[in-house]
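Welcome! Please take a moment to look over the sequence and the 3D picture, and then we will walk through them together.

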Amino acid sequence: FGHPTVKPDRVMDKIMRNVQAETVCDPFMGTGSTGVAAIKAGKIFTGIEHNPVHFETAIARVSAAYEGVS
């Protein structure tokens, strides 16, 4: 995804399954790995990203995750 620290989906999925909260906020969203995992785990996600290139990638990934759970 062109980001230096992309997290593996399976790692983020496991972390989100273990999070008790119903909502997740990632103030350094990057390319959206946390958001994708949060959505797949049935959580409400809010993400913030300063870099416009990474933000666009995150929007595409998070949107696809929402479509996958509909």
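Two residues are in contact when they have heavy atoms within 4.5 Å of each other. By that rule, residues 24 or more positions apart account for 47% of the contacts in the protein chain with a separation of 6 or more. You are looking at a predicted model, where local features need pLDDT of at least 70 and side-chain atom pairs count only at pLDDT 80 or more, while totals for chains, interfaces and linings use all residues. Residues are numbered from 1 along each chain as its sequence is written, and side-chain values use heavy atoms, with hydrogens and water left out.

**The whole chain**

- The protein chain has three helices and two strands; these are DSSP runs numbered from the N terminus, with helices being H or I of at least four residues and strands being E of at least two.
- Starting at the N terminus, the order of the elements is α-β-α-β-α.
- The radius of gyration, taken over C-alpha atoms, is 11 Å, close to the 11 Å that the globule rule gives for 70 residues, so the chain is as compact as a globular protein of that length. That rule is 2.2 Å times the number of residues to the power 0.38.
- Along its principal axes, the C-alpha trace spans about 30 × 25 × 20 Å.
- The accessible surface comes to about 4600 Å², and 59% of it belongs to carbon and sulfur atoms; such areas come from the Shrake-Rupley method with a 1.4 Å probe, and for residues only the protein chains shown count as cover.
- Of the 70 residues, 34% count as buried (under 20% relative accessible area, with exposed being over 50% and partly exposed in between, using a 1.4 Å probe and protein chains only).

**The two strands**

- Strand β1 (residues 23-26) and β2 run parallel and are joined by four bridges; strands pair if DSSP finds at least two bridges between them.
- Within this pairing, V24 stands opposite F45 in β2.
- The chain passes from β1 through α2 to β2 in a right-handed β-α-β crossover. Right-handed means that, with the strands pointing away from the viewer, the path from the first strand over the helix to the second runs clockwise.

**Helix α2 and T34**

- Seven of the eight residues of α2 are buried, so this helix is mostly covered.
- The buried ones are S33, T34, G35, V36, A37, A38 and I39, and their cover includes α1 (9-18), β1, β2 and α3.
- T34 sits in α2 (residues 33-40) and counts as buried because its relative accessibility is 14%.
- Leaving aside neighbours within four places in sequence, T34 is in contact with M12, M16, V24, D26 and F45.
- After α2 comes G42, whose phi is positive, near 80°.

- E49 lies in the loop between β2 (44-47) and α3 (52-69).
- Not counting residues up to four places away in sequence, E49 touches F28, M29, G30, H54 and F55.
- The E49 side chain makes polar contacts with the backbone nitrogen of G30 at 2.6 Å and the backbone nitrogen of N51 at 3.0 Å. A polar contact is a pair of N or O atoms within 3.5 Å; within protein, one must be able to donate a hydrogen and the other to accept it, and residues adjacent in sequence count only if both atoms are side-chain atoms.
- R61, in helix α3, is buried, with a relative accessible area of 13%.
- A polar atom of the R61 side chain lies 3.0 Å from the backbone oxygen of T31.
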